[in-house]
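Colleague: I have a model open on my screen and would like to walk through it with you. Could you take my questions one at a time?

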Amino acid sequence: MSTEGLILFFIAGVLMVGGGIIVSNLVAPRSTNAQKLDPYECGIPTIGPSWMQFRVGYYLFAIMFLIFDVETVFIFPWAVVMKQVGMTAFIEILIFFVILGLGLLYAWKKKALRWE
Amino acid sequence: MSWSDFFLMQQELALILLALVLLVVEISLDTENKHKIIPVANFLFIPILVIGFLNTSTGSLFGDMYITDPTRILMKNILNVGVFLVFLQVSNWLKTQANNRNRISEFYLLIISSLIGVNYLISAGNFLMFYLSLELTSIPIAALAAYEQYKHKSAEAGIKMILSSAFSSGILLFGLSLLYAGTGTLNYGAMAIASVDLIQSMGFIFFFSGLAFKISIVPFHLWTADVYEGAPVAVTSYLSVISKGVAVFVLAIVLITLFGEIQGLWQEVIYVTAILTMTIGNLFAIRQKNIKRFLAFSSIAQAGFILLGLVGGSNFGTTAVLYFVLIYIFSNLAAFGVVSVIQNASDKENIYDYNGLYKTNPRLSLVMMLALFSLAGIPPVAGFFGKFFLFAAAAEAGMYVLLLIAVLNAIISLYYYLLVVKAMFINSNDQPVPKIESDFFARAGLILCTAGIIITGFISWIYEYMLNNSFGI
């Protein structure tokens, strides 16, 4: 690609993003009503300000949850191909489990699982 | 691919195993016995060094994601030695800090995680792998910079480090995406960088800027002094030698293997940044009162000197860089070792606190003097030989103006290094640092560093060995 190509690429990028915002602002119909400001599919209207401080403990739990969530994502494809790959796959997933288990054990020992 | 192929990665696998063993030890230790992990980690690291030096594997794994050859193994070994020296230095600090009693093993685990990243970074054969390991290298260190989070400066260092490394990663990723747009691949071997292509040249510039953050090349050096000052001394020494060393090595590999076609471009870039880095690093170092900030700016200036070896793009230059980084590790770690010992004992970190150090702690002052001489490049010690080969590499490339500026800068640096030596030996002080008895590991670390400073320059087979092994990339 030459210099002109790069410049064109840049201009096209700016136009695509900026144009989208401007055109949608000009073209889209506007209607405002009270219902539009209500929370949508996210439960009931809040009572009091929602910008409050949360306990840091929530994040610890969230991270622990995330780790095991991702683990499940990893195990699904493994389970699909396990029969074809055979013993190797089994040993590899065992190593993976041991490492994860050590992590859990560590968090447990550090009292990350205790709610105080 | 069979199981035995995995043993190409023996160094990395050994490190992962070490991390797991340390995690098991940490889990099994009671709260009051946490300090027992220090000797365990220090002694278990010796087999890692041995495995590294016995490693002779050559080949690639996972479709060229991972490449190993004698040059890369040599680079890893140099950095492993550095980490071992850092481990020896930290023991005293970890033991004495009451606030850290519960978090001793985390220090080792995070450093080893970062070291695993370092090893994979050197062996990366694909920019995807490169980026992953680069993040693995820097994120644990950002956590460690905030290790003493009850101190404001340490917390500040942590947040500055993570923000600047996120920023630099963003720039680097943008560069990589431009390179991908230009070549259609991320694999080192398949990438054909052409000299006429503007997109690829831009990609290189962004890629270089991203790496320049890690090496703290001017104008990407602004985070260095604050992070170095705020972070614990041990983390600072890791940052200043290992993080910097690996970024330099990777830059050398990538410049020669990937960007050989656009040498005209990167020669100019490195030429200008080398001059800026040396000069600005030196000029700011003169004004510093705090010894850690002082060493931070001195390390920026040293990074400028390292660029001299890269500017020619020759094998001779690469060897000079490897050799210099080894010597730089010894000298910088010796200096930081002394700073660490003194800060532990008396919590003093200003240069004028070093006044009259020779009266009370003659051996520490001698080690510090040798380290500073080596950093300045005064003949009997190894730093001279390291700088000599770097200058020779620049001369071989025919860049005499650059060479002249570098020599002038070496003279300027002599001035401020000698200021510290003068403070220790000549200046008098009513309340000098009291006599310090350091523990076994710290002493061993300082002795190893001093031996390295004195011996590396004289034993020529070290240089020959590097020269023979630097033709791999």
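Modeller: Happy to! Helices here are DSSP runs of H or I with at least four residues, and strands are runs of E with at least two, numbered from the N terminus. Please keep in mind that this is a predicted model.

Colleague: Thanks! Which loop of chain B holds Pro219(B)?

Modeller: Pro219(B) is joined to Val218(B) by a cis peptide bond, with omega at about 5°. Most peptide bonds are trans. As for its place, Pro219(B) lies in the loop between α7 (198–215) and α8 (222–230) of chain B.

Colleague: Is Ser216(B) buried or exposed?

Modeller: Ser216(B) is found in the loop between α7 and α8 of chain B, and its phi is near 55°, a positive value in a residue other than glycine. A residue is buried if 20 or more other C-beta atoms lie within 10 Å of its own. Ser216(B) has 29 within 10 Å, so Ser216(B) is buried.

Colleague: How is Asp64(B) classed, with its 15 C-beta neighbours inside 10 Å?

Modeller: Asp64(B) sits in the loop between β1 (59–61) and β2 (66–68) of chain B, and has a positive phi near 65°. Buried needs 20 or more neighbours and exposed 12 or fewer, with partly exposed in between. Because Asp64(B) has 15, the class is partly exposed.

Colleague: How do the residues of the contact of α12(B) with α17(B) divide?

Modeller: The two helices pack at an angle of about 145°, with their axes 9 Å apart, and the crossing is left-handed. Among the residues that meet are Phe330(B), Ala334(B) and Gly337(B) in α12(B), and Leu446(B), Gly452(B) and Ile453(B) in α17(B). By class, the contact has 10 nonpolar, six polar and no charged residues.

Colleague: Last one: which element gives the most to the side of chain A that touches chain B?

Modeller: The contact takes nine residues from chain A and eight from chain B. On the chain A side, α1 (3–27) and α3 (87–109) are the elements that give two or more residues. By class, that side has six nonpolar, two polar and one charged residues. With five residues, the element that gives the most is α3(A).

Key:
Residues numbered from 1 in each chain as written. Chains lettered and ligands numbered in written order. Predicted model: local features only at pLDDT ≥ 70, side-chain atom pairs only at ≥ 80, totals over all residues. Contact = placed C-beta atoms within 7 Å. Nonpolar A, V, L, I, M, F, W, Y, C, P; charged D, E, K, R; others polar. Axes fitted to C-alpha atoms, helices over the stretch in contact; angles between N-to-C directions. Left-handed = near helix turned anticlockwise from the far one by under 90°.
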